[in-house]
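My notes follow in the order I made them.

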Amino acid sequence: MGPLGIAIIVLIFVSFGPLSGNSPGENASGATVVSYWNAHQNQGWVSIYLVGLALAGILVWATQLRAILRDAEGRRTFLPNTAFAGGIVFVAGTVATGVIHMTLFLAAHNHQAGIAQTLNFLDANDYLPLLFGLALLTLATGASILDRSSLPKWLGWVSVVIGVLCVAGPLSFIGLMAGGVWLAVAGFVAGYHHRHGTALPMTLGQQTPVPTA
């Protein structure tokens with residue numbers, strides 16, 4: 001899971017970093033938006049494809065995380081499934097933002113300045129589904145780890161802190177950035193403990209076997 005998390009981070013960084021460039025701000029005029037994206041169409045489409053690969057990786061990552069959380073708890077609870085649902089929400093939210101981004105390219109290509117300006121404003125302010133999905137993913141993961149899991153408690157607390165930051169208004173951007181690093185760290189830590197067969201916590205109803213003579 002760790003290497004997959006790093007691959008996801010790299011794909012997202014390249015998409016929203018070098019390939020994004022100095023894209024128009026939310027208050028840019030329609031003419032500015034049309035001019036910029038007509039000059040950067042190739043970069044925009046490559047960015048969309050790379051984000052698509054990253055989202056596929058997140059689905060695999062979240063599926064593996066749910067399995068590891070279930071094994072580490074040693075019992076059935078709703079928290080691993082909630083964490084997985086958070087990953088689905090994050091992916092779905094990113095797909096929705098991608099649709100807006102793609103439509104922005106098409107509006108610019110067709111020189112629809114008014115539509116492009118509106119879409120550009122939406123494109124700059126459509127991060128709420130991403131924050132909600134990431135918050136749900138990290139908070140549910142943290143709660144699962146802290147609730148009698150064999151995974152390290154510090155990872156549970158870090159997960160909870162990142163989840164809180166994601167819904168902390170002005171600090172939400174920090175939570176979003178920290179969430180990217182968390183994907184790799186949680187992947188390495190959870191994967192390591194899973195591979196090395198960390199002892200599962202004793203669940204309710206289980207009793208220590210009494211040696212027989």
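I began with helix H2 (residues 30-39) and helix H5 (residues 113-123), whose axes come within 8 Å and cross at roughly 85°. Helices here are DSSP runs (H or I, at least four residues), numbered from the N terminus. Axes are lines fitted to C-alpha atoms over the stretch in contact, and angles run from 0 to 180 degrees between N-to-C directions. H2 is therefore roughly perpendicular to H5; that label covers 65 to 115 degrees.

I noted the provenance: this is a predicted model, where local features need pLDDT of at least 70, side-chain atom pairs count only at pLDDT 80 or more, and totals for chains, interfaces and linings use all residues. Residues are numbered from 1 along each chain as its sequence is written, and side-chain values use heavy atoms, with hydrogens and water left out.

Next I listed who meets whom. H2 brings Gly30, Ala31, Val33, Val34 and Trp37 against Ala113, Ala116, Gln117 and Asn120 of H5. Contact means heavy atoms within 4.5 Å. By class I get 6 nonpolar, 3 polar and no charged residues for H2 with H5. Ala, Val, Leu, Ile, Met, Phe, Trp, Tyr, Cys and Pro count as nonpolar, Asp, Glu, Lys and Arg as charged, and the others, Gly among them, as polar.

I moved on to helix H3 (residues 41-73) and helix H8 (residues 172-195). Their axes come within 10 Å and cross at roughly 45°. H3 is therefore oblique to H8. From H3, the contact uses Trp61, Leu65, Ile68 and Asp71; from H8, Trp182, Leu183, Ala186, Gly187, Ala190, Gly191 and His194. I get 7 nonpolar, 3 polar and 1 charged residues for this contact of H3 with H8.

Then I checked Thr141, which lies in helix H6 (residues 128-146). Is Thr141 buried or exposed? Thr141 is buried, at 2% relative accessible area; buried means under 20%, exposed over 50%, partly exposed in between (1.4 Å probe, protein chains only). Beyond four places in sequence, Thr141 contacts Leu65, Leu69, Ala83, Ser159 and Trp182.

Asn81 is partly exposed, with 33% relative accessibility. Not counting residues up to four places away in sequence, Asn81 touches Arg66 and Arg70. I also found a polar contact of 2.8 Å between the side chains of Asn81 and Arg70.

Note on methods
Polar contact = N/O pair within 3.5 Å; in protein donor to acceptor, adjacent residues only side chain to side chain. Helix = DSSP H or I, 4+ residues; strand = E, 2+ residues; numbered from the N terminus. Parallel < 35°, antiparallel > 145°, perpendicular 65-115°, else oblique.
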